[in-house]
Amino acid sequence: MRFSYSTIAPARHESDSLPWLPLVLRVGVRAVKAVGLVDSGATVSVLPFELGVELGAVWDERKALLRVSGSLGSQSAMPIFAQAEIEGLPSARLAFAWIRQREVPLILGQTNFFMEFDACFYRSKLEFEIRPK
């Protein structure tokens, strides 16, 4: 399934476009519509704090066993699993590093988005393709 590169702010120029993917995340009976950045350079998928709260997760320092780094700095994170639904594709159970930092993007990274889906990027056409494994 092909998607268009887009910006998250309407006033941004087309050259600022990135592979943003609309999806629904589910944990139990709770569901949240979100837009995630498909990032082949990210080692883990990252769930922003606000989305975790909307999905019913409760932060517990004792369970914050993961560390994320890179542009997020050295952050503690809790593992959290959610069912991801992408229109036109089969749903998949994704693992996330849920971080306490606010106002960060939902990142779909190597663990485990790229273990469940193949992605091809066509930057010159401002398109990307997602296929189930």
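Analyst: Strand 9 and strand 10 run antiparallel and are joined by six bridges. Within this pairing, Tyr122 faces Glu127 of strand 10. The model is a predicted one. Between the two strands, which span 117–122 and 127–132, a loop holds Leu126. Leu126 is not a glycine, yet its phi is positive, at about 55 degrees.

The order is 1-10-9, and the pairing is antiparallel. From one strand to the next, the twist averages 25 degrees. Strands of a sheet pair through backbone hydrogen bonds, in a parallel or an antiparallel way.

Arg2 lies over the face of the Tyr122 ring, 4.1 Å from the ring centre. Arg93 does likewise with Phe81: the distance to that ring centre is 4.1 Å.

Now the aromatic pairs. A pair of rings is described by the distance between centres and the angle between planes. The model has seven aromatic pairs. One of them joins Tyr5 and Phe128. Their centres are 5.9 Å apart and their planes stand at 80 degrees; angles over 60 count as edge-to-face, so this pair is edge-to-face. Tyr5 sits in the loop between strand 1 and strand 2, while Phe128 is in strand 10, so the contact ties together parts 123 residues apart in sequence. Both Tyr5 and Phe128 are buried. Phe3 joins them: ring pairs link Phe3, Tyr5 and Phe128 into a cluster.

Another edge-to-face pair is made by Phe113 and Phe114, with 5.5 Å from centre to centre and 80 degrees between the planes. Phe113 has 0% relative accessibility, so it counts as buried. Phe114 has 17%, and that also counts as buried because the cut-off is under 20%.

The residue just before this pair deserves attention. Asn112 is in the loop between strand 8 (106–108) and helix 2 (113–116). The peptide bond that joins Thr111 to Asn112 is cis, with omega about 0 degrees. Is Asn112 buried or exposed? Its relative accessibility is 11%, so Asn112 counts as buried. Leaving aside residues up to four places away in sequence, Asn112 touches Ser45, Arg93, Leu94 and Ala95. Arg93, then, is both a contact of Asn112 and the residue over the face of Phe81.

Strand 2 (residues 20–27) runs antiparallel to strand 3 (residues 30–38), and eight bridges join them. Here Leu23 stands opposite Ala34 of strand 3. The two strands form a hairpin with two residues between them, where Gly28 has a positive phi near 65 degrees. Strand 2 also pairs with strand 6 (residues 75–85), again in the antiparallel sense, over three bridges. In that pairing, Leu25 is opposite Ala84 of strand 6.

Definitions and conventions
Residues numbered from 1 in each chain as written. Predicted model: local features only at pLDDT ≥ 70, side-chain atom pairs only at ≥ 80, totals over all residues. Heavy atoms only, no water. Helix = DSSP H or I, 4+ residues; strand = E, 2+ residues; numbered from the N terminus. Pairing = 2+ DSSP bridges. Buried < 20%, exposed > 50% of the residue type's maximum accessible area, 1.4 Å probe, protein only. Contact = heavy atoms within 4.5 Å. Axes fitted to C-alpha atoms, helices over the stretch in contact; angles between N-to-C directions. Phe/Tyr/Trp six-rings, centres within 6.5 Å; stacked < 30°, edge-to-face > 60°. Lys NZ or Arg CZ within 6 Å of the ring centre and 35° of its normal.
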